[in-house]
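Here is a structure to read step by step. Please look it over before the dialogue starts.

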Amino acid sequence: MPGQTLAIIAPSSPPSKPERLELGLAALRSDGFVIDWTPAHYSQRGYLAGSDEVRAGAFNRAVAKHRHFMCTRGGYGSLRLLDRIDYEAAQARPGLLIGFSDITALQLALYSKANWCSLSGPLVVEWGEIPEGMKAECLALSRGELPAPLDQLQPMRPGTHTGTLLGGNLATIVRLVGTPYLPDLDGTLLFVEDVHEPLYRIDALFAQLHLSGLLARIGGLIVGHFTRSSPEGDELELDPLEIIADYIAPYSWPVATGLNYGHFHPRQVIPIGVQARLEVNPAGACLSVLEPAVRCNF
């Protein structure tokens, strides 16, 4: 990727600290990227980095010119763009979208409608702060290299399954249920995490996945981490894994926990839309990515 043009897009919220964005842009340039970033294309509208027309238009214009995309930050707003994206153009020019959190909506829609792969990885506002190892991992995946197997996961239910690796932020995934932008989850390996969600909401999110029939269709589950947003003791000592255990009980596919990605540090960069294998036994669990996260030669 260094030496190539990186399109910077803002499909969600504006940076809460503009200095972090400037630091990230400077670090990307220092690392050898040619940056295509036009802040004049955006004008803050409350919690959005501009109107829906402006943000979707900026992305569609970038797709016509570039193949690598990194989001300024997450927050909220990608969902509002999904019916404004030019998926026909995106399918004709497969790219690689880097981001996480709210960006999950755009990543899954682009996989569903245009067969794009993505990286659940760093945002521009983080690039000047993240460890060099995470940068190297992101760059290697962007070049089409395979990551080392993640063999430090914890077993929750044994089994082995190979399927498409899809996931991201749990609440954002659930918001796609019932829309044409959620990919077909049949036989997939689903990975999830969330931040600042009270446990009753995590419960409700898994309830929706179960009641909608989606949990019955997946082939395996990899669980990340969850943070509480309510005072200790308010939730009668329930643990997120206890909640998840209730909802996975009717099924037989393998389950692993302890995936560090998304909002939790130190974290891995996880490809979205690639074939992977999950192996879980009583002694441990391992996730192996089997194909590169690029659809063409950039």
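This is a predicted model: local features need pLDDT of at least 70, side-chain atom pairs count only at pLDDT 80 or more; totals for chains, interfaces and linings use all residues.

Q: How many residues of helix α4 are buried?

A: Buried means under 20% relative accessible area, exposed over 50%, and partly exposed in between, with a 1.4 Å probe and protein chains only. Helices (H or I, at least four residues) and strands (E, at least two) are DSSP runs, numbered from the N terminus. Helix α4 covers residues 104-114, and nine of its eleven residues are buried. Among them are T104, L106, L108 and Y111.

Q: What comes after α4?

A: N115 follows α4 and sits in the loop between α4 and β5. The phi of N115 is positive, near 65°, in a residue other than glycine. N115 counts as partly exposed, because its relative accessibility is 40%.

Q: Where does H196 lie?

A: The place of H196 is the loop between β8 (189-194) and α8 (199-211). H196 is not a glycine, yet its phi is positive, about 60°. With a relative accessibility of 58%, H196 counts as exposed.

Q: What is the order of the strands in the open sheet?

A: Two strands pair if DSSP finds at least two bridges between them. Here six strands form an open sheet in the order β2-β1-β3-β4-β5-β11, and the pairing is mixed. Its edge strands, β2 (34-36) and β11 (270-272), each pair on one side only. From one strand to the next, the twist averages 25°, where axes are lines fitted to C-alpha atoms, for helices over the stretch in contact, and angles run from 0 to 180 degrees between N-to-C directions.

Q: How many bridges link β5 and β11?

A: Strand β5 (residues 117-120) pairs with β11 over three bridges, in the antiparallel sense. One of the residues involved is S120, whose bridge partner in β11 is I270.

Q: How many disulfides are there?

A: A disulfide is a covalent bond between the sulfur atoms of two cysteines. The rule used here is a pair of cysteine sulfur atoms within 2.5 Å, and the count comes to zero. C138 is in no disulfide, and the nearest cysteine sulfur, that of C71, is 12 Å away.

Q: Is C138 buried or exposed?

A: C138 is buried, with a relative accessible area of 1%. C117 is also buried, at 0%.

Conventions:
Residues are numbered from 1 along each chain as its sequence is written. Side-chain values use heavy atoms; hydrogens and water are left out.
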